[in-house]
Amino acid sequence: MDPKQQTPQEEVAPVAPLLEDQLDLDMKHCFENLIVIDVGANLTNKKYSRDLDSVVQRARDAGVQKLMVHGTSVKSSKEALRLSRIYPDIIYSTAGIHPHDSKSIVEEPATWFDLEHIAQAQECVAIGPCGLDYQRDFSEPDAQKQIFAKQLHLAIRLNKPLLIHERSAQHDLLEILDKFENLPPVIVRGFMGTAEEALKYLERRFYISLTGYLCKDKSDTGVRRLLEDGTLTLDRLLVETDAPFMYPNTRASKLPQHVKTGITERSLLYLHRYCTFQRNEPCSLPAIVEMIAAFMKKTPDEVALATAFNALKLFGLS
């Protein structure tokens, strides 16, 4: 028969099964990989100085599509911005003065203008981590409050989200925040507090970001309870690794069995092959998402989709 005389059905019939098979393969690949966004990785840390390319590639292979690299000082904010330009559309930076480093700005006020300049860059998508930390005395509380307030003013002026770090200082931190009007979105990152403390943040419509600390939390009133009783809902949730810190120890004895079995072999492969207590990596994020899902009694896909959407929306990631 002349090919020109074939009916459309006859033309496409042999091809359809091939397309169907390809679609199945594409869908299988999609569900093998959780698509997640790490909103907190410290890739300026010297522990990554020798193999950063491999660390970023492993993260991508594991399903971490985008990473936010935190600036916690003028120096690291500058380096985070540099990384965002080396890995465009994968790495985004933040600019902040961590509470521990507050005294450096007090002692050298001129360096503040360097931070302001870095914060204005398009690749810089948030101000912080900033806030108050009373657990350690690297900087005096008055210095912390002073530099925290300066960063609040900067975030409002630039209309960029705020990443908040708080340890044993919630009362003072909220007292300062409540004085400011027109705050941009606020994210309490690496939350490690109690359910009661979380409620005070959620009542103000703040977002909460969780890490592998889930494995360490053994209290009845902490992070796990937030997830189990529905206090922390998906529309207020973000996820991060805080790499190279906060290694998610999935073998922890106090981790419930249903949570351990909820972690896929693929996620465990990346976690156990490439991450250690001494050096966590962003490729551990899918395991963290799967643990959160198990605590919340949701599917990993639900948690991955919601947290990725929140990150894209909040930080304007392209």
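Trainee: Why is Cys 130 called buried in this predicted model?

Mentor: Buried means under 20% relative accessible area. Cys 130 has 0% relative accessibility, so the residue counts as buried.

Trainee: What makes Cys 275 buried or exposed?

Mentor: The value for Cys 275 is 4% relative accessibility. The cut-off is under 20%, and therefore Cys 275 is buried.

Trainee: How do you know whether Cys 275 is bonded to Cys 283 or too far for a bond?

Mentor: A disulfide is a covalent bond between the sulfur atoms of two cysteines. The rule requires the two sulfur atoms to be within 2.5 Å. For Cys 275, the closest cysteine sulfur belongs to Cys 283 and lies 3.7 Å away, so the pair is too far for a bond.

Trainee: How many disulfides does the rule give?

Mentor: The count is zero disulfides.

Trainee: What share of the protein chain is buried?

Mentor: Of the 318 residues in the protein chain, 53% are buried. The chain exposes about 15,500 Å², and carbon and sulfur atoms supply 52% of that area.

Trainee: Which elements does the protein chain have?

Mentor: The chain has 14 helices and eight strands.

Trainee: Where does pLDDT stay under 50?

Mentor: This occurs over residues 1–31, for which the model has five contacts beyond four places in sequence. Where pLDDT is low, the predicted coordinates should not be read in detail. The protein chain as a whole averages a pLDDT of 91, and 90% of the residues score at least 70.

Definitions and conventions
Residues are numbered from 1 along each chain as its sequence is written. This is a predicted model: local features need pLDDT of at least 70, side-chain atom pairs count only at pLDDT 80 or more; totals for chains, interfaces and linings use all residues. Side-chain values use heavy atoms; hydrogens and water are left out. Buried means under 20% relative accessible area, exposed over 50%, partly exposed in between (1.4 Å probe, protein chains only). pLDDT is the predictor's confidence in each residue, from 0 to 100. Contact means heavy atoms within 4.5 Å. Helices (H or I, at least four residues) and strands (E, at least two) are DSSP runs, numbered from the N terminus. Accessible areas come from the Shrake-Rupley method with a 1.4 Å probe; for residues, only the protein chains shown count as cover.
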